[in-house]
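The following exercises concern one protein structure. Please examine the sequence and the model before reading each solution.

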Amino acid sequence: MATTKTIKPTESELEILQILWKKGNASVREVHEELLVTKEAGYTTTLKLMQIMHEKGLVKRDDSIKTHIYQAAVSKEKTQKHLLNKMIDTVFGGSPGELVMQALGNHKASAEELEEIQKMLDNLKKQ
(Lines give C-alpha, C1' and ligand atoms only; values in the text may rest on other atoms or scores of the structure.)
Protein backbone atom coordinates (compact mmCIF):
# COMPACT_ATOMS: atom_id res chain seq x y z
CA MET A 1 0.00 0.00 0.00
CA ALA A 2 1.41 3.41 -0.95
CA THR A 3 1.97 5.70 1.99
CA THR A 4 -0.08 8.88 2.32
CA LYS A 5 2.92 11.02 1.37
CA THR A 6 3.27 9.22 -1.97
CA ILE A 7 -0.39 9.48 -3.02
CA LYS A 8 -0.03 11.88 -5.94
CA PRO A 9 -2.26 10.55 -8.71
CA THR A 10 -2.78 12.61 -11.83
CA GLU A 11 -6.29 13.43 -13.02
CA SER A 12 -6.24 10.47 -15.44
CA GLU A 13 -4.93 8.18 -12.71
CA LEU A 14 -7.74 9.33 -10.43
CA GLU A 15 -10.28 8.40 -13.10
CA ILE A 16 -8.80 4.90 -13.22
CA LEU A 17 -8.72 4.66 -9.42
CA GLN A 18 -12.41 5.64 -9.29
CA ILE A 19 -13.22 2.72 -11.58
CA LEU A 20 -11.10 0.29 -9.55
CA TRP A 21 -12.60 1.49 -6.26
CA LYS A 22 -16.06 0.86 -7.71
CA LYS A 23 -15.30 -2.50 -9.37
CA GLY A 24 -12.73 -3.90 -6.93
CA ASN A 25 -10.75 -5.86 -9.55
CA ALA A 26 -10.63 -5.22 -13.27
CA SER A 27 -8.60 -5.94 -16.38
CA VAL A 28 -7.17 -3.13 -18.51
CA ARG A 29 -9.93 -3.83 -21.07
CA GLU A 30 -12.67 -3.42 -18.40
CA VAL A 31 -11.15 -0.17 -17.14
CA HIS A 32 -10.72 1.08 -20.70
CA GLU A 33 -14.36 0.33 -21.61
CA GLU A 34 -15.51 2.19 -18.51
CA LEU A 35 -13.32 5.19 -19.40
CA LEU A 36 -14.81 5.29 -22.91
CA VAL A 37 -18.22 6.10 -21.40
CA THR A 38 -16.99 9.56 -20.38
CA LYS A 39 -13.96 10.32 -22.56
CA GLU A 40 -11.98 9.31 -25.60
CA ALA A 41 -9.03 7.15 -24.64
CA GLY A 42 -6.83 4.76 -26.56
CA TYR A 43 -6.45 1.24 -25.19
CA THR A 44 -2.64 1.51 -25.24
CA THR A 45 -2.84 4.79 -23.31
CA THR A 46 -4.97 3.13 -20.63
CA LEU A 47 -2.56 0.18 -20.50
CA LYS A 48 0.49 2.45 -20.19
CA LEU A 49 -1.17 4.54 -17.48
CA MET A 50 -2.03 1.45 -15.46
CA GLN A 51 1.54 0.16 -15.83
CA ILE A 52 2.86 3.50 -14.55
CA MET A 53 0.33 3.40 -11.69
CA HIS A 54 1.63 -0.08 -10.81
CA GLU A 55 5.21 1.25 -10.73
CA LYS A 56 4.07 4.15 -8.52
CA GLY A 57 2.33 1.76 -6.13
CA LEU A 58 -1.16 3.13 -6.83
CA VAL A 59 -2.47 -0.21 -8.12
CA LYS A 60 -1.68 -3.88 -7.55
CA ARG A 61 -1.47 -6.29 -10.46
CA ASP A 62 -2.18 -10.02 -10.47
CA ASP A 63 -0.19 -11.39 -13.36
CA SER A 64 -0.64 -15.06 -12.50
CA ILE A 65 -2.93 -15.45 -15.51
CA LYS A 66 -2.63 -14.15 -19.08
CA THR A 67 -5.05 -11.26 -18.56
CA HIS A 68 -3.57 -9.10 -15.82
CA ILE A 69 -6.08 -8.08 -13.17
CA TYR A 70 -5.61 -4.77 -11.36
CA GLN A 71 -6.95 -3.41 -8.10
CA ALA A 72 -6.39 -0.16 -6.26
CA ALA A 73 -3.43 -0.28 -3.87
CA VAL A 74 -4.46 2.95 -2.15
CA SER A 75 -7.72 3.44 -0.29
CA LYS A 76 -10.31 5.87 -1.57
CA GLU A 77 -10.60 7.49 1.86
CA LYS A 78 -6.84 8.05 2.33
CA THR A 79 -6.52 9.41 -1.20
CA GLN A 80 -9.46 11.78 -0.72
CA LYS A 81 -8.11 12.95 2.64
CA HIS A 82 -4.60 13.54 1.25
CA LEU A 83 -5.83 15.43 -1.82
CA LEU A 84 -8.35 17.46 0.18
CA ASN A 85 -5.74 18.48 2.77
CA LYS A 86 -3.39 19.48 -0.03
CA MET A 87 -6.16 21.52 -1.68
CA ILE A 88 -7.12 23.23 1.58
CA ASP A 89 -3.48 24.21 2.15
CA THR A 90 -2.68 25.35 -1.39
CA VAL A 91 -5.97 26.74 -2.70
CA PHE A 92 -7.81 27.90 0.43
CA GLY A 93 -4.88 29.16 2.51
CA GLY A 94 -5.32 26.41 5.10
CA SER A 95 -8.97 27.33 5.78
CA PRO A 96 -11.41 24.40 5.71
CA GLY A 97 -14.19 26.95 6.25
CA GLU A 98 -13.40 28.68 2.95
CA LEU A 99 -13.50 25.32 1.18
CA VAL A 100 -16.92 24.47 2.65
CA MET A 101 -18.34 27.91 1.85
CA GLN A 102 -17.07 27.70 -1.73
CA ALA A 103 -18.41 24.15 -2.17
CA LEU A 104 -21.84 24.90 -0.75
CA GLY A 105 -22.04 28.21 -2.60
CA ASN A 106 -21.41 26.60 -5.98
CA HIS A 107 -23.16 23.24 -5.66
CA LYS A 108 -26.66 22.48 -4.45
CA ALA A 109 -26.56 19.91 -1.67
CA SER A 110 -29.45 17.50 -1.18
CA ALA A 111 -31.50 17.54 2.02
CA GLU A 112 -29.76 14.32 3.08
CA GLU A 113 -26.31 15.81 2.45
CA LEU A 114 -27.20 18.97 4.41
CA GLU A 115 -28.46 16.82 7.28
CA GLU A 116 -25.19 14.84 7.27
CA ILE A 117 -23.19 18.10 7.20
CA GLN A 118 -25.23 19.43 10.11
CA LYS A 119 -24.52 16.27 12.13
CA MET A 120 -20.78 16.69 11.44
CA LEU A 121 -20.92 20.32 12.54
CA ASP A 122 -22.81 19.40 15.71
CA ASN A 123 -20.21 16.73 16.51
CA LEU A 124 -17.35 19.16 15.89
CA LYS A 125 -18.96 21.71 18.26
CA LYS A 126 -19.10 19.04 21.00
CA GLN A 127 -15.35 18.31 20.76
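**Exercise 1.** Determine whether Met 87 counts as buried, partly exposed or exposed.

*Solution.* Met 87 has 37% relative accessibility, so it counts as partly exposed (buried is under 20% relative accessible area, exposed over 50%, partly exposed in between, with a 1.4 Å probe and protein chains only). Met 87 lies in helix H4. Together with Leu 84 and Val 91, Met 87 makes a nonpolar surface patch of about 250 Å².

The model is predicted: local features need pLDDT of at least 70 and side-chain atom pairs pLDDT 80 or more, while totals for chains, interfaces and linings use all residues. Residues are numbered from 1 along each chain as its sequence is written, and side-chain values use heavy atoms, without hydrogens and water.

**Exercise 2.** Identify the buried residues of H1 and what covers them.

*Solution.* Buried in H1 are Glu 13, Ile 16, Leu 17, Ile 19, Leu 20 and Trp 21. Their cover includes strand E1 (25–27), helix H2 (28–36) and helix H3 (43–56).

**Exercise 3.** Which residues does Val 31 touch, not counting residues up to four places away in sequence?

*Solution.* Val 31 touches Ile 16, Ile 19, Leu 20, Ala 26, Thr 46 and Met 50, where contact means heavy atoms within 4.5 Å.

Methods: Helices (H or I, at least four residues) and strands (E, at least two) are DSSP runs, numbered from the N terminus. Patches are made of residues with over 30% relative accessible area and no salt bridge: like charges are joined within 9 Å, nonpolar side chains (Val, Leu, Ile, Met, Phe, Trp, Tyr) within 5 Å. Accessible areas come from the Shrake-Rupley method with a 1.4 Å probe; for residues, only the protein chains shown count as cover. A salt bridge is a side-chain nitrogen of Lys or Arg within 4 Å of a carboxyl oxygen of Asp or Glu.
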